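Dear colleague,

I am handing over the structure below, together with some notes on what I found when going through it. Please read the notes with the coordinates open beside them.

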Amino acid sequence: MDKETVLKVARVARLRLTDEELERYAADLEDILTAFSVLDEAPGAEDFDLGPIKVEDVFREDEVITSIDASELREVMGTKEDWVRGPRLS
Amino acid sequence: MSFFPSAAWLKELDEKHQLFTERLEDPLAFEGGQFHFSAKDNLCARDFQARAGSLILKGYRPPFDATPIKRLRENGGLLLGKTNMDEYGFGSFSTNSAYGIPRNPFDIERCCGGSSGGAAATASLIRDHVALGVSTGGSISCPSSFCGVVGLTPTYGRVSRWGLIDYGNSLDKVGLISRTVRDIEQYLPVIAGPDHRDPTSQVQPPLDLRGEVRTVGVPEEARTGLSPEVAGAFEEALRDLQRSGIVVREVRMPSLRFAISTYYILATSEASTNLARYCGMRFGAMNENFDQGFNDFFSDTRSRDFGTEAKRRILLGTFSRMVGFRNKYYVKALQVRKQIIRDYQKVMEDCDVVLTPTMPFVAPRFDEIERMKPLEMYQADYLTCPPNLTGMPHLSIPCGYAHGMPIGMQAVAPHWQEGTLLSFARSWEGSFHYRFPEVAE
């Protein structure tokens, strides 16, 4: 794991890292991934699940309720004239 | 960084604590089935901030109660406050919080364990208190062991996660920490049960508090790497169990050696996607610099307000899911998790529970933690990661003391059999003498 790879991963994750951070994380991740290569010795399997228990679909009738008052949500979100504010899409 | 407390700040702190102790000491406040509880700070509750130990959530006040909190409040529970934790649950010592570090009530130079460290310390300090904890890879067992209390991590899906700030969705479980099994037995039925807002809670069979333990399986793999104090206390506990008529069977679980890698790959993969939502918009730390392009806008807040360990786990998880590495890490870890579940199920054909020490050592001192490398910290979880990967219920209970510090053992039962664990703990509690921190007595 070199600094360039960490930089690439950090960009994907929207993290801006200092040079010192890049170096530190490169060394840490190298250590961690080397230890994790023990998984290469683990037997693979044909099948796998995304969770530890089986989840089944449970259906119910639709019911109109107010879950959370919208005005409370707008307050928490710091809206301006009821608009959620965000950056320019440029 | 130096810190000079202002008089106003000290006064505020003093008043806050006074309110807290007055509440606890007022016998009238808890008449008629009322009780007090606390909640780990990644569970949302009205009237409190929910920061999950992270600066990026500073100031966030959820306008709703998480289901477990709602159910406790509806049943006479008074929420005293939120407990400190490692940022998003990322840690085994509660040293990764942006809001200070909780200290172990048995020795303030030592950690509480993590990531529900504040919850375990609170449960240890306050009599008849029940603390809501959350475990992804051992965050209830570990601090319970270090703080000398009982911690139950229910089956994955037993308790609704609605209102929980996610870490790893296929791993997160809400549970209970308290001084005794009695309290846990009392409040588990309150928080358990289906909730239409969490689909994983919909498939559970009814909770049955009964159970019986005749045989415990002790994996050979869990007896290595222990400190002499923990090994001694655990072997003594096994002898006590045998004297009480329980059969102790040695078993082999070869897949346990893959648990750490499997856990950290799955947990960080899931965390790195969950944490994508924290970007300076909508809640918590808000970026007001709207003229920026969105990449810069998001990166600003995330780079400034995520802590060191959060960034490390985001990087690890993002890498594990990237094209070219996904099959080697993420998909392989999913396959290995299934194998670990099968290993437990096989042992459970002949044993009622799988029993190990909870942590390989007693609560470490802060100077020891400072010298540990990230990988060493991860590896300390080799006894708590396996049951968490399987989604099976497990319980940590004090089994001994060394130099004044508590030591815990951890029992794991088949899916949905919380009753088996509670019955085991009840019978252990009947003959074991608990110690509580002097400061609390």
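Is Gly232(B) buried, partly exposed or exposed? Gly232(B) is partly exposed, because 14 other C-beta atoms lie within 10 Å, where a residue counts as buried with 20 or more such atoms around its own C-beta, as exposed with 12 or fewer, and as partly exposed in between, the C-beta atoms being placed from the backbone. This glycine belongs to helix α6 (residues 228-243) of chain B, and its C-alpha is 49 Å from that of Ala7(B), at a separation of 225 residues in sequence.

Before the rest, two points on conventions. This is a predicted model, in which local features need pLDDT of at least 70 and side-chain atom pairs count only at pLDDT 80 or more, while totals for chains, interfaces and linings use all residues. Residues are numbered from 1 along each chain as its sequence is written, and chains are lettered from A and ligands numbered from 1 in the order in which they are written.

Chain B as a whole

Of the 441 residues in chain B, 56% are buried.

Helix packing around α5(B)

Helix α5 (residues 181-191) and helix α14 (residues 418-431) of chain B have axes that come within 10 Å and cross at roughly 155°, the axes being lines fitted to C-alpha atoms over the stretch in contact and the angles running from 0 to 180 degrees between N-to-C directions. That makes α5(B) roughly antiparallel to α14(B), since angles over 145 degrees count as roughly antiparallel, under 35 as roughly parallel, 65 to 115 as roughly perpendicular and the rest as oblique. On the α5(B) side the contact is made by Val181(B), Glu185(B) and Leu188(B), and on the α14(B) side by Glu418(B), Leu422(B), Ala425(B), Arg426(B) and Glu429(B), two residues being in contact if their C-beta atoms, placed from the backbone, lie within 7 Å.

Helix α2 (residues 67-74) of chain B also packs on α5(B), with the axes 8 Å apart and an angle of about 115°, and the two are therefore roughly perpendicular to each other. Here Pro68(B), Arg71(B) and Leu72(B) of α2(B) meet Tyr187(B), Val190(B) and Ile191(B) of α5(B).

Backbone details to check

The peptide bond from Gly114(B) to Ser115(B) is cis, with omega near 5°, and Ser115(B) sits in the loop between β4 (107-111) and α3 (117-125) of chain B. Ser94(B), which is not a glycine, has a positive phi of about 55°, and Ser94(B) is buried, with 33 other C-beta atoms within 10 Å. Asp128(B) likewise has a positive phi, near 55°, but is partly exposed, with 13 other C-beta atoms within 10 Å.

The chain A contact

The contact between the chains takes 45 residues from chain A and 54 residues from chain B. On the side of chain A, α2(A) gives the most, with 7 residues.

With best wishes

Notes. Helices (H or I, at least four residues) and strands (E, at least two) are DSSP runs, numbered from the N terminus.
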